[in-house]
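Here's a quick tour to read with the model open in your viewer. Have a look at the fold, and then come back for the details.

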Amino acid sequence: MPATSLDSWQILTYSKQAFLFRTPPERFSYADPHFVRAGLPFLRNVAGFLKPTTCFVQRFGHLANRSVLDLSLHEIKQLVQRGELNIESRQEIEAPGYVMIRIFGNSLGCSLLMDDNRLLCRFPKALKQIFRND
Amino acid sequence: MNLETNTHPFFQHLENYQEFLPDFRGYLTHLKEHFPTYLRINTLKISVEEAEKFLTRDGAILRSTAVPEIFQLSPSCKVPSLSYHLGFIYPQALTSAMPVLAMELQGGERVLDLCAAPGGKTGYMAQVMKDNGVIVANDRKLGRIISLMSNLKRLGITSAVVIQSRGEQLTWSHPFDRILVDAPCSGEGKYRIDAETGRLLHARRGRTNLSAIQKALIQRGFDLLEPGGIMIYSTCTLTPEENEEVVAHLLKKRKAALVQWKPPVESSPGLEEYRGKRYGKELGLAHRFYPHKVNSVGFFLAKIVKPK
């Protein structure tokens, strides 16, 4: 996504996660005994790699300009039901790694593209459930 | 309807409500009907036009309402699951949008939602403010905080700070421009009667002194308000003890004033007196939304200002 896309937000790091928070016009303290969370979960560390959270992808995914894969409903059902999907190499994907999956132009979440063109489903359980039941 | 057959206190109250409920018979008939499902479009993620297309593809049949971003779902349809999980929609009663609309929020403001869980109104506030500003969303119970965080995450909100505290004792370093006190209540506005068994549905049971909690919450909320700021007190109940009496208590204890507001759906004025208790003329500026008049959950709201 363009480098300036998130300029209006601050990135806060706590609880081993990064959160995106609208620039606060006032201070609040993490040390406040009442404090639970601020902002939207943004990135988390998965096996040494930073993975964008599903909620971040669903809100800001439309700004992504690479590593985006548009799949049909049928392909997404296959991905969820089998846990993986073989895809032919696509121009829009530069390298293996996490890719953003879109359906009908809307960002759904991330999956992991392997060197051998296998796409591994990395959707949260609740999202998988929709395509399993469908 | 035989009101003697059910022992819930609501049935005792109900006979007294004839005093103020317009078209009481219509209300009794409506009590046996199911409420329609309303869906709020989360415009932080999708425009109303795009959402209508997406929802139709997801199997929904929609009807527009007096609030442009809220639609009534056809009774034959379930809440569309993909749209829900993508955070495009939030199922929310039409009347529960009224407190947020009455706040007349602007981007960049400091806002407190004192009893925020499960987050429907917090999410709507963020939407109205275009996710710009700070919304402090408080609730008391951890279980409710978890559902609040889950909804804020699903709706993609970045401007909320979630805190866990007893609302009556909350302290904060800065005063707020806008406060919502959507107080815990007996929930009579949601009550329905099973047409076959005559059993009361969605009824709250318990002996909590709700009126005392509500009085403490409204007073605390007012103390946290910036001079010139606006506070909304709302409940989803019909009983004057949890509505007008609570606001009258604040007016007695603090230098607060009620202000006028014109809601987009039909409402009746607040009660100035009930069963020998005088609440005062000012309470006529509050709003009562009756289920049979708006075909949604019954609500009460008062718009309160703290003079500069």
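Predicted model: local features only at pLDDT ≥ 70, side-chain atom pairs only at ≥ 80, totals over all residues.

## A helix and its neighbours

The buried residues of α9(B) pack against α8 (210–223), along with a set of strands: β11 (225–235), β12 (257–258), β15 (277–278), β16 (287–289) and β17 (299–305), each of them in chain B. Which residues of helix α9 are buried? The helix covers residues 244–253 of chain B, and the buried ones are E244(B), E245(B), V246(B), V247(B), A248(B) and L250(B).

## Chain B as a whole

Stepping back, chain B has 10 helices and 17 strands. Its radius of gyration is 19 Å, close to the 19 Å that the globule rule gives for 308 residues, so chain B is as compact as a globular protein of that length.

As for the inside, 59% of the 308 residues of chain B count as buried. Take the contacts in chain B with a separation of 6 or more: 74% of them are between residues 24 or more positions apart.

## Surface and charge

Chain B exposes about 12900 Å², and 48% of that comes from carbon and sulfur atoms. On the charge side, you'll find 40 positive and 31 negative side chains in chain B, with the centres of the two sets 4 Å apart.

## Two domains

How is chain B divided? Domain 1 takes in 3–35 + 94–305, while domain 2 is 36–92. Over C-alpha atoms, the centres of these two domains of chain B are separated by 24 Å. Where they touch, domain 1 of chain B puts in 27 residues and domain 2 of chain B puts in 21 residues.

## Backbone spots to check

Now for some backbone details. A117(B) and P118(B) are joined by a cis peptide bond, with omega at about 5 degrees. Look for P118(B) in the loop between β5 (110–113) and α6 (120–128) of chain B.

D23(B) has phi near 50 degrees and sits in the loop between α1 (9–17) and α2 (24–30) of chain B. D23(B) is partly exposed, at a relative accessible area of 46%. Over in chain A, N117(A) has phi near 70 degrees, and its place is the loop between β9 (106–113) and β10 (118–121). N117(A) is partly exposed too, with a relative accessible area of 27%.

Conventions: Residues numbered from 1 in each chain as written. Chains lettered and ligands numbered in written order. Heavy atoms only, no water. Helix = DSSP H or I, 4+ residues; strand = E, 2+ residues; numbered from the N terminus. Rg over C-alpha atoms; globule rule 2.2 N^0.38 Å. Buried < 20%, exposed > 50% of the residue type's maximum accessible area, 1.4 Å probe, protein only. Contact = heavy atoms within 4.5 Å. Areas by Shrake-Rupley, 256 points an atom, 1.4 Å probe, with all protein chains shown as cover. Lys, Arg positive; Asp, Glu negative; His and termini not counted. Charge placed at Lys NZ, Arg CZ, Asp CG, Glu CD. Domains from an automatic or database assignment.
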